[in-house]
Amino acid sequence: MGTPELPMPDGLVLRPFRGVRFAVEDPAKVTSPPYDLISDADVDALLDSHPNNVVRLILPRSPRDDSSANSPAPHRQQEPNQTPSTASHRPSADVEPASTQQQASAPPTPSGTGLETRYAKARDTLRAWLDSGVLVPDDVPALYVYEQSGPNVLQRGLIGDMGLADPGQRIILPHEDVMPGPITDRLALMSTTQANLEPIFLLYNGDNGTATRLVDEVASKRRPLVSAHTEDGLRHRLWAITDTSEINAINADLHDRQALIADGHHRYATYRVLQRQEHVTHRSAQPEQPTPTTARPEPPDLRQTPPSPPRTSTSEAHLSPPDTTPKPQSPTAVEAEPADVPKAHPFTGTATTPEAEQPATTSTARPDATSEAPSSSSDVEPAAQMPHPAIPSEPQPSSPSENLALDGKPPIPHVPIASQVSATSAATGVSGEAGSGRSSGDRSTPHPVVGPWDFGLALLVDSTAYPPNLQAIHRVIPGLPLAEAVAKARAAWRVQDFDDLAQGLAALKEAAEPAFLLAGEGGTHLLTNPDPVQLARAMPPDHSDRWNSLNTSVLTEFVLPKVWGMRDDEQAVRIVHHDTDAAVRLAIRTGGTAVLLRPLAVDDVLAVAAGGERVPRKSTSFGPKPRTGLVLRTFAID
């Protein structure tokens with residue numbers, strides 16, 4: 001289990017970090033939805049709301065893109081008839097890498113160099129905003145309490161540096177398959193900017209523990225750092241917890257719990273690919289070091305780093321960027337190894353024995369597949385200022401002290417700071433032996449040094465205190481005419497025809513699963529009661545009965561390949577979050593068929609994850625999702 005050269009936490013860990021925040025009059029105007037919910041029209045609306053909107057960092061575009069409303073943003077589907085008044089919060093049509101055209105006219109996949117060029121612009125923008133004071137780092141590391149509230153919405157949680165556990169450890173549980181295209185894209189962004197620009201979203205059973213009580217106390221009694229009202233009607237507030245005793249109490253409460261990835265499977269997989277990449281880079285660049293003492297490390301040698309303008313809000317702790325070579329790698333080993341240590345189900349307490357984690361459990365997600373990636377560079381401010389030392393400009397020679405930039409953190413149980421890792425790895429459970437807690441006495445086998453890439457920005461929410469809202473994700477099959485799709489389905493399904501979409505949706509809501517509503521040009525048709533013999537023959541015997549009963553599993557394993565003779569891949573099948581009308585419009589525009597689904601049951605998702613299985617890609621949409629841009633994390637400032 002695990003990769004021996006990587007440090008691994010022995011429990012659920014949320015480490016404080018020095019958040020980077022926008023210093024603008026209205027923080028709501030510089031925020032955005034998560035990157036995979038932003039359409040091309042959304043990008044325009046967000047940039048219209050504020051020139052420094054965070055979308056310039058997470059989805060940079062070329063000058064041609066900015067001047068043309070017809071050019072799609074990377075990995076997005078342009079949504080027609082969308083107005084600026086709704087664009088900043090309306091789910092977009094296509095969140096998987098895909099062209100707005102059909103597969104036959106899809107643009108060629110850009111090279112890794114193209115990705116580096118695009119995200120070098122994001123890196124330069126990030127550096128410029130730090131230099132100019134648009135972005136300002138907080139003075140001390142903190143865990144951040146984050147609250148979202150509005151009509152029928154209240155969610156509170158903690159934002160921090162999540163220790164990257166191997167999925168086989170059953171500490172952080174993925175529940176959904178991933179595809180290589182989004183991982184390649186996010187890896188290019190994270191490695192080039194050396195930053196986590198938006199948190200992933202995790203749920204855990206806090207059982208009204210210390211962490212949950214403290215979150216509620218902070219939100220109820222303390223003054224927030226940030227309060228922002230976004231156009232979707234939600235209020236977003238942020239508080240900083242900097243007291244060491246409170247941070248330690250939170251981590252003591254979290255340590256033995258499990259977390260489920262609710263949103264951000266591709267980004268979590270990217271965190272772990274980046275972690276491996278950075279450890280390889282730094283291991284090959286550094287001489288073996290003696291075991292450090294408990295004394296503070298010497299400050300980094302800044303002679304090779306251009307000076308930055310004085311910043312009253314920036315301390316010396318962030319002045320040495322970790323050395324990195326921004327070379328996005330193909331995620332050929334996206335995720336990891338099996339484990340045979342059962343852990344309790346995070347919501348039921350039932351012990352399970354995990355299976356090997358795979359990047360995808362079906363034939364539709366092959367980690368060695370050619371990935372779809374954004375093309376062309378982006379339009380950003382010229383990098384005329386002195387390079388900000390927190391953001392790498394070009395790869396710099398590595399020095400041993402550059403890996404010691406994490407000193408000065410409040411002590412967190414089971415996660416050593418970099419200067420202590422060799423001396424304390426056995427006691428903390430972070431070691432060079434896949435988190436076994438064993439410390440080798442062989443000086444020829446160096447312990448892995450903990451770096452900022454051993455953590456990922458995450459929002460952690462207690463699902464017992466704040467139950468999630470789980471919504472459906474629909475599919476669109478461009479180029480498959482609705483009449484043809486329905487005709488083929490009649491050989492295996494009962495088909496009911498409806499005059500309009502509203503009638504069909506009402507019938508879908510009441511139908512027994514599995515059921516699908518097909519819609520597009522010319523009508524609406526409900527599929528129910530599949531032929532049990534054909535269905536049983538199509539579903540994989542190595543999956544659980546619960547997995548095989550999910551509507552997304554039936555769609556992936558039976559309807560798409562057996563009924564329609566196609567694969568569930570990023571080009572053939574497009575993704576639409578929540579919005580049935582948008583799915584139908586996309587189907588009509590592409591001469592295809594919209595497949596509308598009901599949301600999965602939360603209990604089914606949790607049970608599948610606890611059993612070590614993954615639901616098919618894009619099966620779930622948990623909400624409310626964290627707003628991007630309230631707090632950022634850069635590796636050197638962290």
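Two residues are in contact here when they have heavy atoms within 4.5 Å of each other. With that in hand, look at this predicted model: of the contacts in the chain with a separation of 6 or more, 82% are between residues 24 or more positions apart.

The chain has 638 residues, and 61% of them are buried. Its secondary structure comes to 17 helices and 23 strands.

Now for two loop residues. Glu-198 sits between β7 (195-196) and β8 (200-204), while Pro-481 lies between β16 (473-477) and α11 (482-489).

| Residue | Relative accessibility | Class |
|---|---|---|
| Glu-198 | 5% | buried |
| Pro-481 | 35% | partly exposed |

Glu-198 counts as buried because its 5% relative accessibility falls under the 20% cut-off. What does its side chain reach at 3.3 Å? That would be the backbone nitrogen of Tyr-35. The side chain of Glu-198 also makes a polar contact of 2.6 Å with the side chain of Thr-628. Setting aside neighbours within four places in sequence, Glu-198 touches a list of residues that includes Pro-33, Pro-34, Ile-58, Arg-186, Arg-267, Tyr-271 and Leu-457. Tyr-35 and Thr-628 are on that contact list too.

Over at Pro-481, the contacts beyond four places in sequence are Gly-591 and Thr-593. Gly-522 is 41 residues away from Pro-481 along the chain, and their C-alpha atoms are separated by 9.6 Å.

Definitions and conventions:
Residues numbered from 1 in each chain as written. Predicted model: local features only at pLDDT ≥ 70, side-chain atom pairs only at ≥ 80, totals over all residues. Heavy atoms only, no water. Helix = DSSP H or I, 4+ residues; strand = E, 2+ residues; numbered from the N terminus. Buried < 20%, exposed > 50% of the residue type's maximum accessible area, 1.4 Å probe, protein only. Polar contact = N/O pair within 3.5 Å; in protein donor to acceptor, adjacent residues only side chain to side chain.
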